[in-house]
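Biologist: Hi! I have a new protein to look at. Could you show it to me and walk me through it?

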Amino acid sequence: MHFRPRYIVDRSVYTIPDFDEEYQKKIRSYPHSQKAKKLFSCSTARLKALLIQFFPIIGWLPKYNIKKSLIFDIISGISAGTIQVPQGMAFALLASLPPVNGLYSSFFPLLVYFFLGSIHHMVPGTFAVLSIIVGTVVQNEAPLEKFQHFNETLNETVTDNAAMNAYRMRIAGTVTCLTAVIQICLGFVQFGFISIYLSESFIRGFMTAAGLQILISLLKYIFGLTIHAYSGPLAIIYTFIDICKNLPKTNVAALIFAIITGVLLFIVKEINVRFKHKLPFPIPMETILVIVTTAISGGARLPQKFGIDVVGEIPLGLPPPEAPLVNLWGDMIGPAFSLAIVGYVINLAVGRTISARHSYIVNANQEMLALGFGNFFGSFFRIHVICCALSVTLAIEAGGGSSQFASLCVATVVLVILLVLGTYLEPLPKAVLGALIAVNLKNTLMQVTDPYYLWKKSKLDCCVWIVSFLSAFLLGLPYGVAVGVGFSALVVVFQTQFPVPTSLSFNCTPSNLLSCLKSPMQRFKKEIHHHICSCCLSAVNFPLPGSQAKEISGIKIITYCSPLYFANVEFFRKKVIKKSGFDPVKVLLAKKKYLKAVKNEEREIDTRRPSNLCTKQVSLQELVKEVEAETSMDCNNNSVDEAPRISYITVNTPNGLHEGTPKSPADPENVEDPIKLAHPIIDIHTLILDMSGVCFVDLMGIKVLGKMCSNYKKIGVTIYLAGIRDQVYEDIESGGMFDEGWLERSCLFLSVHDAVLYTLAKMSENKQDAAKEKVSDAAAVYVNEDMSSDENDDDVDLEQVMFGTMFDHSVGDHTIL
């Protein structure tokens, strides 16, 4: 710090009754009758809001821009549909179902999600983890031995594959229907918050175990082996042992198909990621490989010559509806609940990440209902449980799709395959589908390095990861969910049950200043929603509590009295945004839109300006009237004045064509950040978080807190943390708060009073410096070329962010919840 304001304390000693009497403490009461009246009241506006909430299509369809968006939705939807077809068929194999089940699962739920989904870029479909869990249920209820009989004529055991596939598909529809009922019930009782109890460490450990199970399950298709299906604890170990024993029986032709397919797909996927901005749309290599390998396999009659296991008959047309076997629900309740929660969490995690990049809001409970009704409708057509089809969703986003019309195009592509082209896919080797899934597991398997990263950051989070991984891998995925969530809860209980006590002396020294200057003023936090002063009344001219309470101009003080960990970190983030009055991510995106419009207008003015004109000054409001209207909707709780302040742009002649033309200063420190000057203007420059009530912070809490500090900083709002305990300081230091650059150590203060005094002194010094340097009222705004941010950076590989290794710092800025 360049300056250190004086901390002076001079006030009377108060007991709580004396303080309440002198400052006329007011007690707020909320009668239950008023709450009930408000809850059950009905009006036209509320009915309209409920309809829009339950049917999001009512909200976005009237605003849909056909000229700008429809062509991109169609192109991206067709391109993504070519990915949906082979992946749906491949994931059906993981569920021990015929490939046509994957096509059904990629079509019917999309029709419902089109009307009920709140994530514009989302495409529902098959997901590997859910397919594995469904496969466990299918093998338990319809084992292979149930459909085998001894044929005396052939003198061998024969399997009735047609009957087995039909019954297994009905079992899949039954567990899907039960999963849908659970999701719908949870959605209607507003139980979407259940996802907060799944910590990031648990989910990453669970996903890594699922990835390894999937890879081991695929080996039998890649090597062309016939392996007995196991179920229950240690099933994957027994499967792996059988695969190793049967390796001498490898089908060489199937292995060659798998190796060539995997290598080519890996290379092209890396090309798609590296050159995503130069390609009009991602190369649909999955579809190309399916077409080529099907043609080679069928044309050369390889299945008959080398005994390659192929997809087989795909019935054309749509299946008739069929009721689920409700009598089997009792045996499926555990896996169904796991499917409901895991599928919802994956869907919500991907949706929140995408929505943050495109500035729209995801309704967590509505997503639970959309998934539930999609699964429920599809269960009558023998689908298996679906959630976000990750690769397909990423293809939609990369292709410029912006609405559910893109997912409707995906469904159209699948429908064409089901009605016309499905019969041509019969010679497709299953080894090719296995290789497609194996390559797509790359990012998931990279998470196996997470424990090394977590051990350095947080040993308890590392233990959660290891327990979740081992329980899911050894006991099975349904049991892994229960064990992982239970252990995560025990970790929180451990941290709250055994806090680290410290002893404090009475002397007013910097080491114990925080504890000895506590004031009864904090009693009024609940009533006025912010601190006034944490330790004195007369040190500075602070306003009084109660009806006389007033906030300091430009400073917002928010207190938080709870541990900051995975279960409440989202609540903490939302409350800080609500109390501050705006969402920093939405404000940043709005400012970027504003500057982009200004830059475009500046370019147009440059082309129209006479060559002898050096500079021209124009009003910002004259250039971007339309953008102002858009940004007022984009900003959350951020009001836009009817008469915004007037600021000006000084447009300079490019490349310094004239000697008298002023150039942008070379030193970037001398140029004020255009993001901070752009519209919308916010009236808060400092946000002080009182952390004295926080007893511990886990790794997920550190990430969210650090990302919040970074986001507010980008729009010119400085965050100070006050009252940090020693244990919390050690947690955030080891968790990478300072190493990642989210926050500087100089932004931590002993008390709220210290932070406020420092802020006021800094404001006074800045005003004096501004007065000396002020030359004219017009502000010259220099628009920088680099206006990228983590929230809207198209270069980020979203799949790597969601399911990749933790060692990449760009990944560490994101959380999947």
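Modeller: Here is a short tour, from the whole protein down to single residues. This is a predicted model, where local features need pLDDT of at least 70, side-chain atom pairs count only at pLDDT 80 or more, and totals for chains, interfaces and linings use all residues. Residues are numbered from 1 along each chain as its sequence is written, and side-chain values use heavy atoms, leaving out hydrogens and water.

Biologist: Thanks! How many helices and strands does the protein have?

Modeller: There are 35 helices and 10 strands. These are DSSP runs numbered from the N terminus: H or I of at least four residues for helices, E of at least two for strands.

Biologist: And what share of the residues is buried?

Modeller: Of the 817 residues, 52% are buried. Buried means under 20% relative accessible area, exposed over 50%, and partly exposed in between, with a 1.4 Å probe and protein chains only.

Biologist: Is helix α19 enclosed or open, and why?

Modeller: Helix α19 (residues 430–440) is largely enclosed by the rest of the structure, because 10 of its 11 residues are buried. Among them are K430, L433 and N440.

Biologist: Nice. Which residues does M89 touch?

Modeller: Not counting residues up to four places away in sequence, its partners include P99, L103, L425 and L433. Touching here is contact, meaning heavy atoms within 4.5 Å.

Biologist: Changing topic, where is T159?

Modeller: T159 lies in strand β3 (residues 156–159). At 22% relative accessibility, T159 counts as partly exposed.

Biologist: How far apart are T159 and F147 in space?

Modeller: They are 5.7 Å apart, C-alpha to C-alpha, and 12 residues apart in sequence.
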